[in-house]
Amino acid sequence: MFDRKKKGERALLVLPHSRSMGDGVRRGEEFAELVRSAGAEVLGHVAARVEDPNPRYYIGTGKADEVAEAVRALEADVVLVDHILTPVQERNLEKLLSVRVVDRAGLILDIFAQRARSHEGKLEVELAQLKHLATRLVRGWTHLDSQRGGAIGLRGPGETQLETDRRLLGERVKMLTKRLEKVQTQRTQQRRSRLRNTVPRVALVGYTNAGKSTLFNALTTGGVYTADLLFATLDPTVRKVDDLSCGPAVLADTVGFIRELPHDLVAAFRATLAEARDADLLLHVSDAADEERDLLRRVVNGVLEEIGAGDVPQLSIMNKIDLAGLPARIDRDADGKPSQVWLSAATGEGLDGLRVVLGELLGGERVHATVSLSLGAGRLHARLKAAGAIVAERIDDSGWHLDLDAPRSVLAPLAGGDEHAAPLRQLLEVEGIEA
């Protein structure tokens with residue numbers, strides 16, 4: 001092969017495009033922004049029309065020679081390809097170009113590795129990187145044979161350096177998986193604690209750089225890092241929101257999505273994405289000034305389906321109306337239910353309307369009422385208290401008088417199967433809830 005340079009700040013971009021890829025110009029601009037987010041300098045780009053991928057290079061042989069000439073002319077350190085390459089295609093291009101070649105998946109993994117801050121996030125990124133690397137170990141170390149086999153039919157090279165690398169990599173993957181399972185168990189316990197407190201859970205989702213973290217900071221005192229960069233925020237941040245008519249809620253900021261997000265990365269970031277999967281409501285944030293916002297919304301919804309969050313109720317948030325020159329407003333469906341809020345998280349325009357809508361949507365899922373239970377309903381009283389449904393209580397000779405504030409989904413299971421739960425069942429019937 002060749003001696004790879006450790007540096008890689010000077011990059012030549014290869015931008016494959018086809019009829020099925022949509023707007024090649026927009027896609028190329030996004031890829032260039034990804035490269036700049038990774039800290040590399042973009043020297044130039046080579047566009048390549050690819051309708052029938054070449055199994056050797058993915059791009060055609062003539063275009064591959066053109067890329068080689070551009071690498072020599074620009075003295076590039078690395079070639080970045082805006083597509084997911086097979087290990088064979090990546091190796092063949094490296095051999096032809098004599099510089100490091102990184103595909104779209106490898107670039108995104110590199111950005112995630114730079115941005116992860118929490119212990120959990122670093123473990124998730126390393127696990128995804130190792131799984132990506134496992135398919136790209138090549139048989140280039142046979143001169144470092146460490147032993148030879150001695151059994152009949154196994155004479156010749158024994159465990160080569162390549163096999164050693166694979167074994168060590170596999171052991172590291174197992175260790176990281178065990179560590180992540182432990183961390184994720186702790187995070188699951190934290191989420192269960194929030195469930196017991198019956199606080200509504202809201203998660204921000206959307207395409208990367210749509211303004212989720214800016215909106216998060218505007219609604220909370222989170223202080224999440226924001227920048228005009230792709231994947232500025234990776235680690236999940238959870239904060240309490242108090243100024244809603246329905247009472248307090250929990251808001252989670254999640255990692256932004258992007259086209260062709262590596263599957264290994266989606267699988268690794270289970271804890272981050274679980275905030276979206278376990279939410280009562282998703283705020284799907286879009287850039288109102290982006291002409292491709294509908295396409296990007298479909299990309300986000302595709303990832304949500306992949307992680308099992310496709311059925312979670314959504315409220316569409318059209319952000320950056322100040323850049324689009326649009327007024328703040330609230331759109332409602334035929335039943336009068338809020339479906340879309342237009343706002344600017346940066347200027348604060350429309351935020352009050354969003355708070356009103358959140359109170360309306362989350363409050364409609366909660367029961368605020370008083371119920372009286374007999375002294376024999378001690379077990380039910382304990383379950384209501386454990387669920388965090390009791391705001392205040394009084395006790396006298398007739399029993400408990402409880403002020404309840406809890407989601408319908410929490411109260412309904414508690415009202416069934418207990419002879420002392422009749423008052424609670426009657427309350428829920430009045431509220432139109434089946435126990």
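Okay, some housekeeping. Because the model is predicted, local features need pLDDT of at least 70 and side-chain atom pairs count only at pLDDT 80 or more, while totals for chains, interfaces and linings use all residues. Residues are numbered from 1 along each chain as its sequence is written, and side-chain values use heavy atoms, with hydrogens and water left out.

So, the overview. The protein has 15 helices and 16 strands; those are DSSP runs, H or I of at least four residues for helices and E of at least two for strands, numbered from the N terminus. Of its 435 residues, 50% count as buried, and buried here is under 20% relative accessible area, exposed is over 50%, and partly exposed is in between, using a 1.4 Å probe and protein chains only. Take contacts, meaning heavy atoms within 4.5 Å: among those between residues at least 6 apart in sequence, 66% join residues at least 24 apart.

Now have a look at the sheet. It's an open one of 7 strands, in the order S8-S9-S7-S10-S11-S13-S12, with mixed pairing. Two strands pair if DSSP finds at least two bridges between them. At the edges you'll find S8 (237-241) and S12 (329-332), each with a single partner strand, so one side of each has no neighbour in the sheet. Neighbouring strands are turned by 25° against each other on average, direction ignored; the axes are lines fitted to C-alpha atoms, for helices over the stretch in contact, and angles run from 0 to 180 degrees between N-to-C directions.

Let's stop at S7. How many of the residues of S7 are buried? That's 6 of the 6, so S7 is largely enclosed by the rest of the structure. Arg201, Ala203 and Val205 point one way, and Val202, Leu204 and Gly206 point the other. S7 runs parallel to S9, with 4 bridges, and parallel to S10, with 5 bridges. Ala203 stands opposite Ala252 in S9 and opposite Leu282 in S10.

Moving along, S10 (residues 281-287) pairs with S11 (residues 314-319), again in the parallel sense, over 6 bridges. Ser286 stands opposite Met318 in that pair. Lying across S7, S9, S10, S11, S12 and S13 is helix H12 (residues 351-363), which runs at about 160° to S13.

On to the packing. A nonpolar core is a set of buried Ala, Val, Leu, Ile, Met, Phe, Trp, Tyr and Cys residues joined through side-chain atoms within 4.5 Å. The largest one has 39 residues, and Leu13, Phe31, Val35, Leu80, Leu107, Leu282 and Leu304 touch the most other members. Elements supplying at least two residues each include S1, H1, H4 and S7, but H10 gives the most, with 5 residues. Apart from this core lies another, of 25 residues, among them Ala249, Val285, Ile317 and Leu361.

Last stop: Ser316, which is in strand S11. Is Ser316 buried or exposed? Its relative accessibility is 5%, so Ser316 counts as buried. Its side chain makes a polar contact of 3.3 Å with that of Arg297. A polar contact is a pair of N or O atoms within 3.5 Å; within protein, one must be able to donate a hydrogen and the other to accept it, and residues adjacent in sequence count only if both atoms are side-chain atoms. Leaving out residues up to four places away in sequence, Ser316 touches His284, Arg297, Ser339, Gln340 and Val341.
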